[in-house]
Amino acid sequence: MHKNSYSPDDVRHMAHALQLAKRGLYTTDPNPRVGCVIVRDGQVVGEGWHRRAGEPHAEVHALAAASAQARGATAYVSLEPCCHHGRTPPCSEALIKAGIARVVAAMPDPNPRVASQGIAELEKAGIRVDIGLLQAEAERLNPGFISRMTRGRPYLCVKLAASLDGRTALQNGESKWITGEAARADVQRLRARSSAILTGIGTVLADDPSLTVRDLDIGRQPLRVVVDPQLRMRPTARMLTLPGTTLVVTSEEHAKNAAALCAAGAEVSGMPVTSGRMNLSLLLEQLAARETNEVLVEAGATLSGDLLNAGLVDELVLYLAPHLLGSSARGLFNFKGLEDMAGRIALDIQDVRAVGRDWRITARVAY
């Protein structure tokens, strides 16, 4: 395995592979998004991307397109080729059989079942392997898969919409609509890339949301997860009538009385509750066990604050609308007060851009 300098052509072809991988942004879940480009004598002879779990991986599509021209060629892959039998055969085996001479991988596979074994197999077969080209860009493409494999929990993004003075709703709870149509359409794209959408029972009772992906045909619906310690979820909730699965997480005691909710189509899971609060870290571990990569939180100040307090929020996406709601309106987070400025939760701003008449701020949380 090599980590050395790369040519401008190497960079160009890997960037192409990453662009191909992005085509699976909404559809590959729970698998990672992966792209592959095969180049021989300076010419692209095959390309492909992973489209859906259970279907051929990116390398297989690219090799099929390249056919006999794959022999002696270089394969640029955005993720280390797999070496195990999962839903599909191993890609390392396919690359060896096709006669590929060199593999350039953007990053190692964080899956413990791979863990550089794919690289080892390729090198054993006499294939040169270079790894690390555009690795940061490749990692940004699959934050949830990496998180699930390395931390045992999904990547958590909290989406919030607020007025310019940081208010999410009027004092009476009215919040439709703080942001404009462009921002709401942008949220649909956030939902579409997510494995699950997490909310609290307060939001469900107040707004009766759908929490579905609309206007984008991705062939699936993210799992809807409702945190409901006292099991106040109504069997008539709108989301229970819609395609996809709704998981209601309640206390172990209340889970025994969920027959009506289950009959309405909900899946109910009981968990330990302490002082009326769910163990959110345990909840994320359970979601990871369901192969959940990315979780989008669309909740009120209480659940969002609890997640921040627990150190579980990886990213914030905040839509700021060009109006003011005043000091009596509801704020963004409910979390423990600070005794000094040293206790502030720091944010690493990743992106700021206009979305229609609103502004979208994307930030990583730096605990």
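**View 1. The lining of the second largest pocket, by residue class.** The lining of the second largest pocket holds 12 nonpolar, 4 polar and 12 charged residues, where Asp, Glu, Lys and Arg count as charged, Ala, Val, Leu, Ile, Met, Phe, Trp, Tyr, Cys and Pro as nonpolar, and the others, Gly among them, as polar. This is a predicted model, in which local features need pLDDT of at least 70 and side-chain atom pairs count only at pLDDT 80 or more, while totals for chains, interfaces and linings use all residues. Residues are numbered from 1 along each chain as its sequence is written, and side-chain values use heavy atoms, with hydrogens and water left out.

**View 2. The centre of the second largest pocket.** Of the 28 lining residues, Arg140, Arg193, Glu315, Arg360 and Thr362 are the closest to the pocket centre. A pocket here is an open set of points on a 1 Å grid over the protein atoms alone, where a 1.4 Å probe fits, with protein on both sides within 12 Å along at least five of seven lines, and lining residues have an atom within 4 Å of a point.

**View 3. Two arginines and the ring of Trp49.** The charged end of Arg23 sits over the Trp49 ring, 4.7 Å from its centre, and Arg51 lies over the face of Trp49 at 4.2 Å from the ring centre. A charge counts as sitting over a ring if NZ of Lys or CZ of Arg is within 6 Å of the ring centre and within 35 degrees of the ring normal.

**View 4. The protein around these sites.** The C-alpha atoms fill a box of roughly 70 × 45 × 40 Å, taken along the principal axes. Buried residues, meaning those under 20% relative accessible area with a 1.4 Å probe and protein chains only, make up 50% of the 367 residues.
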